[in-house]
Amino acid sequence: GWAIGGGALYLPENVGLPIGGDSGPKYIMFEVHYDNPTLRDDIVDSSGFRMTITPTLRTHNAGYMGVATFINEAGTFIPPGLSYGHNRAFMDGSCTKDVIPEDGIKIITSNLHMHTLGVAGSLRIIRDGVELEPIESNWNYDFNYQNSIYHEDGRTIYAGDTLIMDCYYDSSSRDYLTIGGESTQEEMCSGGVMYYPSVGVFGGVTAKHESSLENWLNDAQNAGYVDGNITEAFTEWNFQDLEFNQDLDGYEEFYSRLWDPSYSSYNRHYSFCGAFLNESSVISSDNATQPIGFEEYDLNVFTCDDYDSDTDAVDVCIPDGPDLVPATTTMTGDETTTEMIDQPGNASMTGNMYVVMMTIIGFMFV
């Protein structure tokens, strides 16, 4: 599969994707998702793909690793009126230490994925308490240009490495809550790499625990930023009747607290990670917290001569017009239609994580 704007995928000469035989897939399904909000009937689609195969096996099989939020309200919760709303997925070192081989895995390509509110993203990596240069950062993300980035230097991910996917959204044009989902009008937050040698499909998915989200909403309501029946919203697991007072001073700063780990009452998460083809290796938690306490990497690109004082309070600046870039990334401060998990508030967050990762990597070959 691929996402909009994606191009052809060319694997290294020593890497391939197995097909047929005793271990490879026997069938390929071609599935296309259309976004036609005006219900036009004069569009003709000529989509297709060409696959090159060889009877000579290559040295290594390719695999895929992804880090993403759950595709529901607990995974992505973006109130209206934000110029740079933050969301995050993470996978700590306990998830990679028993999956990745001692010599590590070599990155072939990387990709970031959000929908139309997405404006920036960064797939970060931490090793031995020190953050390294991000695997990929895109501070001018455009939903219409989702191509994979090739890593010809053969960068390596090792067992014990922690990964963080930071996503940023501009919801200033909307007057309603945007949640995680498969529709283009909903949102996602995911990043991943195609790599070799393959250890299968593995990665991590995270979501806010109900208690974290409820604590934040109650505090936001007490501060005047939210109106509505929060208890009823959780009982019915429907937040669209809540109203957000986006014109009040401090509105965006208060939202940023949801992803600030120094606010402990908002920092409890669901987490599932591991090799999803082997369910016995999956590590699950309903009490995961964001990675903290590491030396951060300084990209030295998050500064500008002029800034907008109205947004400076939430660590963003406007270097040259309306496009925003974050002044800091400090830790303290389309897809397959499947019901992947039981929604929190109604049932547990367990569910079939293999299906979750299959949905996440539906665009892996962009």
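Glutamate 243 lies in strand E17, residues 243–244, where strands are DSSP runs of E, at least two residues, numbered from the N terminus. This is a predicted model, in which local features need pLDDT of at least 70, side-chain atom pairs count only at pLDDT 80 or more, and totals for chains, interfaces and linings use all residues. Residues are numbered from 1 along each chain as its sequence is written, and side-chain values use heavy atoms, leaving out hydrogens and water.

Turning to the backbone, tyrosine 196 and proline 197 are joined by a cis peptide bond with omega about -10°, and proline 197 sits in the loop between strand E14 (190–196) and strand E15 (201–208). Aspartate 128, in the loop between strand E7 (118–127) and strand E8 (130–131), has a positive phi, near 55°. Most residues other than glycine have a negative phi, and most peptide bonds are trans.

Methods. Helix = DSSP H or I, 4+ residues; strand = E, 2+ residues; numbered from the N terminus.
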